[in-house]
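Here is a short report on one protein chain. Keep the sequence and the structure open while reading.

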Amino acid sequence: MLEKQLFDIQSIHDAYKGGTKVEDIVKEVYRRIEEVNDDGIFIHLQPIEDILKEVSSFDNMNLTDKPLWGIPFTVKDNIDVAGVPTTAACEAYEYTPVEDAFVVKLLKEAGAICIGKTNLDQFATGLVGVRTPYGAPKNAVDASIVPGGSSCGSAVAVSHQIVSFSLGTDTAGSGRVPAALNNIVGFKPTLGTLSKQGVVPACLTLDTISIFALTICDASQIFDISAQYNIKDPYSKKRELEEPKKTEDMIIGVPNSASRIFYGDDLEEESYERTLIELREKGFTLKEIDLEAFFEVGELLYEGSWVAERYTVIGDLIEKAPQKVLDVTRNIISKAKNFSSSDVYRDIYKLNELKREVEIALEGIDLLALPTITRPYTVEDLENEPIEANSRIGLYTKFVNLLDFSAIAIPVERRKDGFASGITAMAVAHKEDTLSLFCRTLQEGMKLYYGNSKVEIDTSTSDCNKDKKERIEIAVVGAHLKNMPLNYQLTDLDASYVYRTRTAKKYKLYNLVNEDIAKPGLIKTDDGYAIEIEVWSLPIKNLGAFEKNISTPLCIGDIELENGKYVKGFLCEHIATLEAEDISAFGGWKAYLNSIEK
């Protein structure tokens with residue numbers, strides 16, 4: 001009966017709880033690949049024998065430590081997976097990495113299973129998904145329509161429910177356009193919140209890893225797991241947490257009549273107008289704005305000197321072996337040779353002028369709700385006019401990364417001809433939680449489907465944060481850490497691991513004396529250190545039972561994290577540190593223990 005198994009994360013985990021084995025899900029993945037029979041989806045598919053061997057070593061399901069346990073996913077083939085070739089859809093560029101990209105590593109550590117590398121527009125240059133020498137994948141909803149790019153294989157694999165989620169990349173819309181064309185969610189986070197270590201860049205300063213998923217809740221969960229600061233990545237940023245506004249207080253920016261451009265596609269225009277009606281009926285306040293400055297920003301990405309960033313990646317290959325690169329890719333990237341260093345600065349000046357215009361246009365607006373694409377294009381359209389159609393399809397996506405917006409592309413109810421339709425919610429940086437809340441509210445009550453299937457999504461229960469509202473985050477610093485002797489006091493009370501981080505540089509750590517179990521004490525001070533901690537999520541109803549285990553000199557208080565957020569956590573009475581050893585310089589309890597073991 002796995003043929004009818006839904007592949008969103010919750011459904012697969014429910015199947016495991018009901019007795020389904022992870023090996024059964026893996027076999028179903030490969031059965032679906034064979035059933036879909038689209039050779040354009042994957043560039044490298046792992047042999048099923050290798051994946052079955054990998055999962056045979058899995059421990060019993062433990063969603064506390066591994067929230068993605070047994071969940072299959074794929075990775076766009078410009079993102080490294082250890083031991084699997086990376087091509088960026090160019091055989092001459094191929095190399096085999098020895099380690100996973102930073103984000104892939106985090107997902108595997110969370111229990112997810114990577115089954116292969118997916119197809120893309122060569123060197124992530126395109127929004128159509130057909131610029132690949134490996135054979136373009138077919139759109140999962142309508143094979144006559146382009147699949148969207150550059151993350152074409154990733155989106156198609158999710159829409160077919162071959163996997164639960166997939167990683168793509170996004171520079172001009174590659175993580176949103178394919179989502180819109182395949183009826184799934186495309187989550188494009190703030191630049192730097194998902195580390196680019198292990199990613200073949202298109203435009204290094206503008207790229208981000210993106211997430212394709214069947215639901216907003218799944219995409220948000222993947223983002224929460226993946227958004228970890230990477231000190232080794234010079235472009236990595238710490239995620240800034242926010243408290244979203246209530247939806248009834250949100251003011252939504254929408255394009256004025258002059259900015260609503262659909263290039264003659266009445267069905268796409270009608271779908272968007274219907275979505276605006278839905279927004280008004282749900283109580284949102286809409287404010288029309290002129291998007292001309294936004295569109296001008298988008299033109300800079302391909303028509304301006306930013307194309308020179310692409311040349312830094314494959315310029316040598318183009319010069320030495322131009323025949324190894326597709327004509328369309330080579331022609332676009334070779335424009336870099338037409339720009340001077342002065343042109344680069346002129347474009348930077350122009351961008352800053354336009355950013356100010358955008359800033360003024362967004363005054364008093366919480367987020368934008370725009371069409372994701374202007375219209376779908378057929379494969380035949382691209383054969384007749386490969387450049388113009390690519391540019392037109394990305395009118396509402398190309399400006400987003402130059403402005404460092406966060407964005408989520410979501411499906412809405414299908415067009416009257418049955419094809420997928422959707423919008424993108426976007427806002428300034430670090431507004432992912434606000435966007436997620438808005439999207440779930442908009443979708444509530446809509447008739448939506450899992451990818452290309454005919455199975456409806458229950459949008460009445462899509463509150464991803466429902467469980468979070470009934471839980472509290474607790475920071476632990478010593479004996480309650482993972483694999484430490486008192487960790488069971490958390491897990492026995494249904495606590496789940498959330499993430500590892502550091503305190504603000506305002507704390508000292510001491511090895512306490514006269515304790516039955518070795519443990520440290522954390523105190524706040526003027527000349528402190530950043531101390532490594534773990535944050536766990538505990539049901540609020542169990543907080544009292546947990547606190548009963550805490551005895552003097554320890555107590556629960558407010559701890560400031562390195563990103564400025566405060567969480568409840570273990571602190572220590574100052575008097576207990578007077579005779580204790582100051583171990584702050586080690587940066588954490590486990591580092592200290594490791595030092596004395598050596």
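E28 counts as buried, at 5% relative accessibility; buried means under 20% relative accessible area, exposed over 50%, and partly exposed in between (1.4 Å probe, protein chains only). The model is predicted: local features need pLDDT of at least 70, side-chain atom pairs count only at pLDDT 80 or more, and totals for chains, interfaces and linings use all residues. Residues are numbered from 1 along each chain as its sequence is written, and side-chain values use heavy atoms, with hydrogens and water left out.

What does E28 form with R32? The two form a salt bridge, with the closest N and O atoms 2.7 Å apart. A salt bridge here is a side-chain nitrogen of Lys or Arg within 4 Å of a carboxyl oxygen of Asp or Glu. Side chains of opposite charge can pair when their charged atoms come close. Both E28 and R32 lie in helix 2 (residues 22-36), 4 residues apart, about one turn of the helix. Helices (H or I, at least four residues) and strands (E, at least two) are DSSP runs, numbered from the N terminus. R32 is also buried, at 5% relative accessibility.

E35 and R31 form another salt bridge, at 3.4 Å from N to O. This pair is also 4 residues apart in helix 2, about one helical turn. E35 is exposed, with a relative accessible area of 57%. R31 is partly exposed at 27%. E28, R31, R32 and E35 are linked in a network of salt bridges.

The salt bridge count comes to 35. One of them joins the side chains of D265 and R415, at 3.1 Å from N to O. This pair links distant parts of the chain, 150 residues apart. D265 sits in the loop between strand 7 (251-255) and helix 8 (266-281). R415 sits in the loop between strand 10 (406-412) and strand 11 (421-427). D265 is buried at 8% relative accessibility, and R415 is buried at 7%.

## Cysteines

How many disulfides does the count come to? The count is 0, where a disulfide is a pair of cysteine sulfur atoms within 2.5 Å. C114 is in no disulfide; the nearest cysteine sulfur, that of C152, is 16 Å away. C572 is in no disulfide either; its nearest cysteine sulfur, that of C555, is 7.5 Å away. C114 is buried, with a relative accessible area of 5%. C572 is buried, with a relative accessible area of 9%.

## Covered helices

Helix 7 (residues 216-226) is mostly covered, with 8 of its 11 residues buried. These are I216, D218, A219, S220, I222, F223, I225 and S226.

V177 is in helix 6 (residues 177-181). V177 is buried, at 0% relative accessibility. Neighbours within four places in sequence aside, V177 is in contact (heavy atoms within 4.5 Å) with L127, G148, G149, T372, I373, I393 and T397. V177 and L317 are 140 residues apart in sequence and 28 Å apart in space, C-alpha to C-alpha.

## A nonpolar patch

V344, Y345, I348 and Y349 make a nonpolar surface patch of about 380 Å². Patches are made of residues with over 30% relative accessible area and no salt bridge; like charges are joined within 9 Å, and nonpolar side chains (Val, Leu, Ile, Met, Phe, Trp, Tyr) within 5 Å. Accessible areas come from the Shrake-Rupley method with a 1.4 Å probe; for residues, only the protein chains shown count as cover. Y349 is found in helix 12 (residues 341-361).
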